[in-house]
Amino acid sequence: MAVGSAQAQSRLLQDPVATVEPAQAHPSGLRPAAPLNAFVSAKQEPGDPEIISTTPEGTLTDNTYNSSSAFYQTPFGMAMETTMDGTIGAYVKDDTGNYYIKNPISKIRTDTWIKGTLRGDTIYFETPQCLMVSEEQGERQVYYVYNMRLNDNQTNFIPDSIEKSVKFVVDGDQLRQVSPGIMGLTTQTGAWTGYGDYDLIIRPQDDVATATPEEVDFKPYVLSYDNSYGTRSGVRCSVGLKDNTFYLQGLCSEMGNNCIVGQLDGTDVSIDMPQYLGPDMEHGYHLYAFGAVSEIETDDTGRPQEYTYLGNHLSFSYDASDASFTSDSVLVLNMGKRDFYYLYGYRRPQLRPYDPKPGKPVQAEYSDYMAYTKEYGYGGIKFVLPEFTTDGDYLVQDSLYYNMFFDGELYTFAPPLYHNLSEPMTDVPASFSDGYDFVSKGLVRTVYYYSDWSTIGVQVVYKYNGTTMKSDIATINLKDVDAIQTPRGDRRVVSSSYFDLSGRQVGPDAHGLLIRRQVFDDNSISTDKVLRP
């Protein structure tokens, strides 16, 4: 890990990436001429091209289930080709034979429409059509939809000067893109931004989610699961049982008021998958629950690779003595139902009633560090806080703190050295972050220090209902280069997986900046970024 400058934003330690293997993408050698930065919608101003931003009059087919092959821009100026499935769209047919499509570019959600005219059984969307106006670093940029083809060198897409229409055919109640080339997003000069779709199919969503039944008595639960740090994470949820029917709700806000439903037979809960959980309007996908299985397989080079496959079933074992449910499988909340493109993945899920109580916290785990140097005058340490006690009970996060020990001495953080603090602080709240010396992200905490210490210790403090209990102190020797990389002693890598920066799995021979996920023989997991020229 390279040492950064004194600015807070550039000195942050690199975060591990938690991932369940999604579907594979295929990198393309295409290099767009005008990469699109993060899209920030700008308010329409006089003189801007016309944009259809409100739902047109006519017959609306809303929350459609869209699938396509698509391109998207990477931070390296390269276009990646992938498949998209389950994105949310809409179309309108008016009384004069016009059709309107909402969000035609799958990777750029604008909530705007393009207009086409039906001639025979084909809808012609004449291009260019303005799709959005963006505010980027104080400058306004206008973007258009074009029908595009490869240039003569096959190194980029350019507007098709002969066939200017994006064409769809009407096939029953679905629309299917049939024009050659791609429906691409460009700048106002027609330069391709790296985004576009072909073989787009827009169909009504026929799946129905199971809404929470009013007559079911739901109890508060915690679902615990293996995270990428080699520890267990938890999420609050609710479980209901009625007439041997099992209901699981509230795993995430995206599933709304809908449930995952199974059947209880004695000590087994059987859940048929996939189950539709409704439209996730935040991410623009239809959300489904799947069971999944992870397997270690050997690739063409003889190296072990971990692959996760979506399945049509998930089982829990039920223990009536403590009302718990356990599974050795993977519960996946997936975006779409055809490709593995997860939103959340829960490995070896266990459901236990949520019953807060005092308990001894599990030790913190170290994940990364930055050595102190005189040149910069600081170092940094990154560690993962637990979510459970040693008895497996869920920790109330608002009652969690941590202490730090430098060279064996309990340390009190205080101004002026820690200039964002207004008063000394020994017990650091688990959720505390000042964005500079203390950084909180998920379960990971990053703390910067300003002396050349030899050892650092972290002790987790749990103050609940008048009782304070502390974990064992996790101590590392900063002079030992391998202290963080091998916190559990000698470990052997049993599998490695690689992902692009969008989170999609790629082959081990892929190039560029990749995320590497390694599984060790003690079931611990590490993630890092590797650059392959």
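Colleague: To learn how strand pairing is read here, which residue in β10 is the bridge partner of Ile 123?

Modeller: In β10, Ile 123 has Phe 168 as its bridge partner. Two strands pair if DSSP finds at least two bridges between them, and strands (E, at least two residues) and helices (H or I, at least four) are DSSP runs, numbered from the N terminus. Strand β6 (residues 122-126) pairs with β10 in the antiparallel sense over 5 bridges. Before we go on, please note that this is a predicted model, in which local features need pLDDT of at least 70 and side-chain atom pairs count only at pLDDT 80 or more, while totals for chains, interfaces and linings use all residues. Residues are numbered from 1 along each chain as its sequence is written, and side-chain values use heavy atoms, with hydrogens and water left out.

Colleague: How many bridges join β10 to β11, and what is the bridge partner of Phe 168 there?

Modeller: Strands β10 and β11 run antiparallel and are joined by 4 bridges, and in β11 the bridge partner of Phe 168 is Gln 177. The hairpin of β10 and β11 has 2 residues between the strands, and in this hairpin Gly 172 takes a positive phi near 65°. As for cover, where buried means under 20% relative accessible area, exposed over 50% and partly exposed in between (1.4 Å probe, protein chains only), strand β10 (residues 165-171) is mostly covered, with 5 of its 7 residues buried.

Colleague: Where does Gln 174 sit, and which residues is it in contact with?

Modeller: Gln 174 belongs to strand β11 (residues 174-177), and it counts as buried because its relative accessible area is 18%. Contact means heavy atoms within 4.5 Å; leaving aside neighbours within four places in sequence, Gln 174 is in contact with Tyr 91, Val 169, Ile 201, Ile 202 and Arg 203.

Colleague: What does the side chain of Gln 205, a loop residue, reach?

Modeller: Gln 205 lies in the loop between β13 (192-203) and β14 (210-211), and it is buried, with a relative accessible area of 18%. Its side chain reaches the backbone nitrogen of Asp 207 at 2.8 Å. A polar contact is a pair of N or O atoms within 3.5 Å; within protein, one must be able to donate a hydrogen and the other to accept it, and residues adjacent in sequence count only if both atoms are side-chain atoms. The side chain of Gln 205 makes such a contact with the side chain of His 286 (3.4 Å). Apart from neighbours within four places in sequence, the residues in contact with Gln 205 include Asn 63, Tyr 65, Tyr 276 and Tyr 288.

Colleague: Which members of the largest nonpolar core touch the most other members?

Modeller: A nonpolar core is a set of buried Ala, Val, Leu, Ile, Met, Phe, Trp, Tyr and Cys residues joined through side-chain atoms within 4.5 Å. The largest has 33 residues, of which Leu 251, Ile 260 and Leu 351 touch the most other members. Not counting residues up to four places away in sequence, Leu 251 touches Leu 223, Val 235, Arg 236, Cys 237, Ile 260, Leu 331, Leu 333 and Tyr 346. A second, separate core of 32 residues includes Phe 388, Val 396, Met 404 and Val 447.

Colleague: Is Gly 457 buried or exposed?

Modeller: Gly 457, in strand β34 (residues 455-464), counts as buried because its relative accessibility is 2%. Leaving aside neighbours within four places in sequence, its contacts include Met 404 and Tyr 366; the C-alpha atoms of Gly 457 and Tyr 366, 91 residues apart along the chain, are separated by 9.9 Å.

Colleague: How many aromatic pairs does the structure hold?

Modeller: Rings of Phe, Tyr and Trp (its six-membered ring) pair if their centres lie within 6.5 Å, with planes under 30 degrees apart counted as stacked, over 60 as edge-to-face and the rest as tilted. The structure holds 34 aromatic pairs. The rings of Phe 246 and Phe 316 have centres 6.1 Å apart and planes at 35°, so this pair is tilted. The pair links distant parts of the chain, with Phe 246 in strand β17 (residues 245-249) and Phe 316 in strand β23 (residues 313-319), 70 residues apart. Both Phe 246 and Phe 316 are buried. Tyr 462 and Tyr 464, in turn, form a stacked pair, at 5.9 Å centre to centre with 10° between the planes.

Colleague: How many helices and strands does the protein have?

Modeller: The protein has 1 helix and 40 strands, and of its 533 residues 51% count as buried.
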